[in-house]
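Welcome! Here is a friendly tour of one protein structure, taken a region at a time. Have the view open and follow along.

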Amino acid sequence: MSSSGQENTQVTRNTQTAQDAQGAQDAGFGAEALEALGRRVRGPVLTPRDERYDAERAGAQTARSHRPSLLVGATGPADVQAAVEFAGRHGLAVAVQGTGHALGAVAGEGGVLINTSRMTGVRVDAGAGTAWVAAGVSWDRVIHEAAPAGLAPLAGSAPSVGVVSYTLGGGLGLLSRRYGYAADRVRSIDVVTADGRLRHVTATSEPDLFWALRGGRDNFGVVTGLEIDLMPVPALYGGGLFFDFASAREVLERYVQWSAGMPDEMTSSVAVISFPDLPVLPPPLRGRHVLHVRIAYAADDLGAGKDLVAPLRALNPFNDTVRELSCAEVGTVHNDPTAAGTFESGTAMLGALDAGAVGALLDHMGPHTPVPHVVELRHLGGRLARPADVPNAVGNRDAHYLLSVVSRLERAPITDIRPAHERLLTAIGPWSTGGRALTFLNGERDAQHVRSAYEPEDYRRLTEIKAAYDPQNLFRLNHNIPPAAPGQG
């Protein structure tokens with residue numbers, strides 16, 4: 001290297017060191033402490049003054065972003081331990097950001113953000129029907145690794161979703177009515193708790209923590225890996241039926257009646273979608289309000305699927321993509337977007353529905369409404385309604401349907417979107433169970449909304465376990481479960 005090149009490199013290093021020192025001072029900890037952490041961590045250790053900071057904290061939800069005092073890009077459990085210990089020593093809250101379309105992110109100011117996206121190991125044990133998955137893995141990778149053995153994970157409708165955040169929040173996917181929530185099929189968890197200890201947690205080693213993590217998500221530590229069950233599902237009968245909004249009442253009423261009589265092997269949903277008029281979309285969808293019925297029939301014999309779907313096909317969809325699919329094609333059922341974006345969402349758990357419920361929904365969606373939405377009803381019940389073989393904290397198992405509404409901020413201002421969501425959720429209120437689904441809460445931090453994701457007795461138990469493992473509420477930049485007060489419970 002030339003002398004001028006060496007000088008330029010040294011100038012860059014000196015500038016970065018000065019920026020790091022200033023960032024450390026701004027955050028309330030010294031440059032020496034930051035340097036010591038950097039020596040323990042293989043991944044990047046960044047402050048807001050670092051040019052890589054914004055890229056490292058970017059997630060799928062761009063309407064809200066974490067803005068931590070310190071950002072650690074963890075490459076493995078040792079990095080996570082170092083970051084958690086540092087946070088505890090300096091009195092900083094800890095947040096976790098997963099990979100890909102990580103679910104349920106809650107933006108936080110300050111604290112330490114641990115990015116686990118570099119932790120990408122996957123090991124499939126075909127004989128045992130299991131997979132070990134590191135914290136930075138998305139479902140498409142697990143689907144790919146499991147498929148040659150004729151196995152499938154309980155993945156979400158979007159394969160780009162991160163495994164850990166989805167699973168620990170419950171995990172509702174295309175095989176759920178037959179096999180239950182993804183959280184029901186977790187065998188072991190590797191987690192760094194508030195004391196900086198890496199624990200291998202099972203139903204027998206630490207039963208309380210194992211129960212709480214499966215449903216309580218990142219309130220109890222930073223999960224670095226999971227061992228999960230894989231299902232013997234080499235293929236399914238699935239896809240979409242598309243209808244024009246002009247037939248919305250007939251289709252929705254038929255769907256509600258139809259879904260109520262389906263066997264556990266049939267998982268389905270119906271979404272009313274306002275498509276923008278963009279050239280990237282197929283011409284039949286461009287600029288239209290469309291009903292999209294999503295079908296995923298997973299049975300030992302797929303032949304019955306055609307007969308089960310026939311009552312919906314009789315309503316004459318303008319497009320029909322339902323066919324036998326390999327598990328590698330499951331992402332085509334919903335065709336969820338994978339790109340980052342600005343969006344706002346709301347959710348409610350519903351009981352049995354009728355024509356009145358359909359009317360209430362139709363009053364608040366479609367071409368006559370001022371805010372473009374995606375409104376989806378997911379059919380629950382089946383295995384979802386029954387407790388897990390090894391109990392966990394996932395709540396609202398008595399709900400019949402999950403309602404979600406999503407609006408993108410590039411299509412309407414937030415000042416219009418939030419009141420529109422509230423009107424829709426109020427209108428459907430008579431059919432609500434009062435619960436909410438944790439992974440559909442988006443950025444909401446309302447304590448009552450978080451409580452509504454759990455049964456009351458389970459929530460009380462979660463606060464007690466929180467007090468045992470994280471009494472200072474280090475892990476609070478999330479849908480927070482605070483620790484029970486001393487003597488409470």
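## Before you start

This is a predicted model, in which local features need pLDDT of at least 70 and side-chain atom pairs count only at pLDDT 80 or more, while totals for chains, interfaces and linings use all residues. Residues are numbered from 1 along each chain as its sequence is written, and side-chain values use heavy atoms, with hydrogens and water left out.

Helices (H or I, at least four residues) and strands (E, at least two) are DSSP runs, numbered from the N terminus. Two strands pair if DSSP finds at least two bridges between them.

## An open sheet

Let us begin with a sheet of 4 strands, which is open and has the order β1-β2-β4-β3 with mixed pairing. The edges belong to β1 (45–46) and β3 (94–97); each has a single partner strand, so one side of each is left without a neighbour in the sheet.

Strand β2 (residues 70–73) and strand β4 (residues 112–115) are joined by 4 bridges in the parallel sense. To find this pairing, look for Leu 70, whose bridge partner in β4 is Val 112.

## An enclosed strand

How many residues of strand β15 (residues 343–350) are buried? The count is 8 of the 8, so the strand is largely enclosed by the rest of the structure. Here buried means under 20% relative accessible area, exposed means over 50%, and partly exposed lies in between (1.4 Å probe, protein chains only).

In a regular strand the side chains alternate between the two faces of the sheet. On one side of β15 are Phe 343, Ser 345, Thr 347 and Met 349, on the other Glu 344, Gly 346, Ala 348 and Leu 350, and all are buried. Strand β17 (residues 401–408) runs antiparallel to β15, with 8 bridges between them. One landmark is Met 349, which has Leu 402 as its bridge partner in β17.

## Rings and charges

A search of the whole structure finds 4 aromatic pairs. Rings of Phe, Tyr and Trp (its six-membered ring) pair if their centres lie within 6.5 Å; planes under 30 degrees apart count as stacked, over 60 as edge-to-face and the rest as tilted. One of the pairs joins Phe 242 and Phe 318, tilted at 45° between the planes and 6.3 Å centre to centre. Phe 242 lies in strand β10 (residues 235–244) and Phe 318 in the loop between α10 (305–313) and β13 (319–320), so the pair ties together parts that are 76 residues apart in sequence. Phe 242 is buried at 8% relative accessible area, whereas Phe 318 is partly exposed at 34%. Tyr 255 and Trp 258 form another tilted pair, with 5.8 Å centre to centre and 40° between the planes. Both lie in helix α9 (residues 248–260), 3 residues apart, about one turn of the helix, and both are buried.

Charges can also sit over a ring: NZ of Lys or CZ of Arg must be within 6 Å of the ring centre and within 35 degrees of the ring normal. The charged end of Arg 214 does this over Phe 210, 4.0 Å from the ring centre.

## Positive phi angles

Which loop holds Arg 217? It is the one between α8 (207–216) and β9 (222–229). Arg 217 is not a glycine, yet its phi is positive, about 55°; the residue is buried, at 6% relative accessible area.

Asn 316 is likewise not a glycine and has a positive phi of about 60°. This residue belongs to the loop between α10 and β13 and is exposed, at 63% relative accessibility.

## Space inside

Rolling a probe the size of a water molecule over the atoms shows where empty space is left.
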